[in-house]
Structure formats: C-alpha cells, structure tokens
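Trainee: I am new to this structure. Could you show me how to read it?

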Amino acid sequence: MAQVKLHGFWYSPFTLRVVLTLKLKGIPYENIEEDRFNKSPQLLEYNPVHKKTPVLVHDGKPLCESMIIVEYIDEKWPQYPLLPVDPYERAQARFWVKYADEMIPAVGALFSSSGVEERENSINKIWEHLKVVEQHCFGYEKNIFGGNTINIVDIAFGSAIKFLITIEDIIEVKILDAEKFPHLHSWFNNFKDAPVINENLPDHQKVVAFIKSLLQKSLQSS
Amino acid sequence: MADQVILLDFWPSPFGMRLRIALAEKGIEFEYREEDLRNKSPLLLQMNPIHKKIPVLVHNGKPICESLIAVQYIDEVWNHKSPLLPSDPYQRSQARFWADYVDKKIYDAGRNIWTKKGEEQEAAKKEFIDALKLLEQELGDKTYFGGDKLGFVDVALIPFYTWFKGYETFGNFIVEKECPKFIAWAKRCMQIESVSKSLPDQEKVYEFIVDIRKKIGIE
C-alpha cells in the first residue's frame with residue numbers, strides 16, 4: 001500500500017491546503033506535526049532547500065511547496081479532480097492560485113507590521129487583492145470558483161482567507177467586509193461550511209490563541 | 001481554422017524569453033509584438049488587466065499570463081512534439097519545484113547585483129552564486145535539467161544567461177570561475193536552435209542595462 005506522510009503545522013495556511021486536498025480525495029495519510037522552533041531532522045533532510053513545511057512524503061519521496069504538492073496529489077489520485085481538464089481553464093486556475101499565493105505573505109506582513117502606517121499599508125495591499133478577486137472571479141451563478149464542486153482555486157483562496165480572518169481577530173480589524181466584498185464573503189461562508197472542509201479547518205479560537213502566542217513569543221525575543 | 005498566436009513581450013525580459021523558446025521548440029508560428037513598457041498597448045492592458053505585465057500569450061484571442069503558467073499551457077496544448085514537462089507526476093513536481101526556485105531566487109538577486117552597491121550588492125552576489133551552485137547540484141551529470149533534451153527548468157532558467165555580462169560587469173565577478181558547470185550547461189543550451197534564435201545577445205542586454213542605470217540614476 002502506498003505510504004503518504006505529511007509534515008506540517010496544524011495552524012499553517014500552507015499545510016491546510018494539503019490537508020484539504022488529501023481529505024477531499026479520501027487519501028489516508030500519517031500526519032507528522034512539526035515544531036517550528038525545533039524542526040525534525042527528517043524535515044530538514046526532505047526540504048534542504050527551503051527547510052519549510054508542508055512536505056509530503058509519498059513512498060519515501062519528498063515533495064515541497066504547497067500548491068506543487070496539491071497538483072501532484074491531483075495527478076496521482078484522480079478522484080475528486082481539482083484542476084479543470086481544458087488547458088485554458090487550467091491556465092486560469094493556476095493564475096488565480098498564484099494570486100492567492102501572493103496574498104498569504106501580505107496577510108503575514110499585516111500580522112507582523114509595527115506602527116500605524118505600516119499596518120495601513122498592509123491592509124491596503126490586502127484590500128487591493130480582495131478587490132481584484134471580488135471583481136474577476138465570480139460569475140453570476142457560481143457560489144465557488146469551481147462551480148458546483150470545490151477546486152484548486154477554492155483551496156488556494158480558502159486557506160488564505162482562513163488565515164486572514166485569524167489575523168483579523170488578533171488585530172481586531174475587519175478586513176473581509178461583507179459590504180465591500182459580498183461575493184467573497186458569501187463564498188467563504190459556503191466554503192467553510194462545506195462537507196469535508198468544515199471538519200478539517202483548524203478550530204478558529206484555537207488558531208487565534210496560538211498565532212497570538214507566536215506573536216508574543218517573537219516580541220519577547222526581539 | 002488556423003491558430004492565431006500573439007506574444008506581447010519586451011525583448012530583454014527573461015520571462016518573455018521563456019515563451020519565445022517554448023513556442024520555437026514546438027514549432028508554433030506566432031506574431032511577436034514588442035511592448036513599450038512606458039506606454040503599454042490597449043491590448044496588453046485588456047489582456048492582463050490585473051498585473052499589466054508582459055509576457056502575455058494570446059491564443060485565439062484568449063490571454064494567458066504569467067510566464068511559467070504560459071509555458072505549461074503551451075506544453076499542454078501543443079503536445080505533439082518536444083514535451084517540456086516530464087510525463088511522470090513526481091518528475092513533474094520536481095521540475096515545477098526547480099522552476100519555482102528560479103523564480104524565487106535568480107531574478108531578484110540578479111537585479112540587486114546591477115542596481116545596488118556596497119554590502120547590499122555583496123549580499124546579492126552571494127545569494128546569486130549560492131543559487132547557481134544549488135542548481136548545478138540539481139543538474140548533476142545530466143546534459144540538461146530535462147535530461148537529454150531541453151525541459152521546463154532549462155526554459156525557465158536559460159534566459160537569465162543573457163543578463164550575465166551585466167551581472168558580471170556591475171557585480172565585478174565572473175560566473176564561470178564560481179560555477180563552471182553552470183556555464184557549461186548554458187553554452188550547451190545556446191547550441192539549441194530554438195534557444196539561440198529566441199534570445200538576444202548578451203552585449204545587447206548589457207547595453208540595455210547601462211542605459212536603464214543611467215535613466216534611474218545609478219552611478
């Protein structure tokens with residue numbers, strides 16, 4: 001039987017993408033929780049270039065970078081396909097995945113920004129991103145990017161937005177405003193309540209508390 | 001019905017060069033349109049409203065943006081010859097990983113070499129050389145990153161070779177001294193027709209860099 005292991009952080013939006021993909025496809029795997037302050041020798045061996053999570057290990061072979069892992073899983077396990085078949089649709093999906101990828105560091109920057117100006121700049125950057133998605137990604141009938149089923153773009157944005165709402169709670173600023181971003185807002189509500197997704201998103205209160213503690217830790221050490 | 005393929009590009013762009021090589025490898029006829037980045041065409045703004053950047057591949061009126069995404073698209077649509085990505089999913093993931101690595105490291109470090117001075121420049125040089133050394137390791141004994149023929153990572157990386165005279169002159173170093181295997185690989189790539197006919201001369205790119213440095217006031 002094929003052996004699948006996932007090295008990750010339960011609170012990370014990047015790890016979440018891989019978790020959701022494995023769960024949607026019903027792929028059994030062993031979860032290995034890494035400690036960011038004490039990464040395992042295996043992790044460092046599997047990802048010597050970036051030394052980051054998530055790392056998927058399939059039959060002893062390591063894969064790194066969350067969306068590259070997601071595409072690999074989609075190619076190896078065809079059930080519940082996450083990418084469209086048509087090359088043009090695939091290119092569009094990959095474009096939006098890259099866009100979602102660019103959003104996560106923007107949210108991270110907000111989290112670590114100090115001072116009013118830096119914070120304002122971070123928020124504006126995120127707003128710009130959200131505006132683009134709001135404008136360009138939703139047809140009139142679609143609830144989620146993939147139409148009726150969750151696809152790779154939903155997973156990419158879902159993990160980014162999950163991270164955003166966590167940070168919103170910590171800094172006590174509402175960014176994904178329902179009035180400003182009606183499509184995105186309603187899409188995310190659908191996404192987080194969808195079967196499989198719902199059971200596998202990290203608990204909101206838990207992740208808020210944990211990320212808060214990480215921030216405090218980093219402030220103490222600086 | 002014949003395919004209509006247009007490439008919106010800017011001649012010194014390494015990202016645009018990736019598409020030129022991919023299209024040439026596949027033997028696709030296309031219309032090359034040079035963009036003036038200070039005066040972008042209405043077509044460019046319409047086809048890439050979000051980033052407003054080149055390159056943009058326009059295939060039968062539909063735009064594909066982001067160079068690595070467009071190269072994959074070209075590989076998938078024109079799959080009759082010269083496959084750029086391996087057929088095995090694991091090998092594919094490795095090719096994507098290294099192309100992503102090139103994107104993350106080479107452009108920014110290279111740019112800092114010709115735009116910065118002093119400590120910042122030294123740091124950029126180190127980052128650049130370290131990245132090339134890692135890529136040399138990944139290449140190993142293979143002729144190309146794609147094995148015995150040009151692959152996705154080769155296409156992603158070789159365009160930056162055209163900027164080497166610029167990096168070396170302004171950074172005051174010689175890549176071949178630090179990374180001889182890398183230069184050997186680059187020269188092998190340049191022997192391939194689809195590569196050599198798609199890339200500008202290092203000399204031309206160097207003059208372009210001299211020009212922008214003047215324009216942005218670096219001396």
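Mentor: Gladly! Let us begin with a word we will need: two residues are in contact when they have heavy atoms within 4.5 Å. Keep in mind, too, that this is a predicted model.

Trainee: Which helices cover the buried residues of helix 5 of chain A?

Mentor: Buried means under 20% relative accessible area. In helix 5 of chain A, the buried residues are A:Ser122, A:Ile123, A:Ile126, A:His129, A:Leu130, A:Val132, A:Val133 and A:Glu134. Their cover includes helix 4 (87-112), helix 6 (152-171) and helix 7 (182-193) of chain A.

Trainee: How far does helix 5 of chain A reach from its first C-alpha to its last?

Mentor: The expected span rests on 1.5 Å a residue. Helix 5 of chain A, residues 116-136, has 21 residues and spans 30 Å, close to the expected 30 Å.

Trainee: Now chain B, please. How many helices and strands are there in chain B?

Mentor: Chain B holds eleven helices and four strands. Its radius of gyration is 17 Å, close to the 17 Å from the globule rule for 219 residues, so chain B is as compact as a globular protein of that length. Along the principal axes, its C-alpha atoms fill a box of roughly 55 × 45 × 30 Å.

Trainee: What percentage of the residues of chain B count as buried?

Mentor: The figure is 53% of the 219 residues. The accessible surface of chain B is about 10200 Å², and carbon and sulfur atoms account for 49% of that surface.

Trainee: And what about contacts along the sequence?

Mentor: Take the contacts in chain B between residues at least 6 apart in sequence: 70% of them join residues at least 24 apart.

Definitions and conventions
Residues are numbered from 1 along each chain as its sequence is written. Chains are lettered from A and ligands numbered from 1 in the order in which they are written. This is a predicted model: local features need pLDDT of at least 70, side-chain atom pairs count only at pLDDT 80 or more; totals for chains, interfaces and linings use all residues. Side-chain values use heavy atoms; hydrogens and water are left out. Helices (H or I, at least four residues) and strands (E, at least two) are DSSP runs, numbered from the N terminus. The radius of gyration is taken over C-alpha atoms; the globule rule is 2.2 Å times the number of residues to the power 0.38. Buried means under 20% relative accessible area, exposed over 50%, partly exposed in between (1.4 Å probe, protein chains only). Accessible areas come from the Shrake-Rupley method with a 1.4 Å probe; for residues, only the protein chains shown count as cover.
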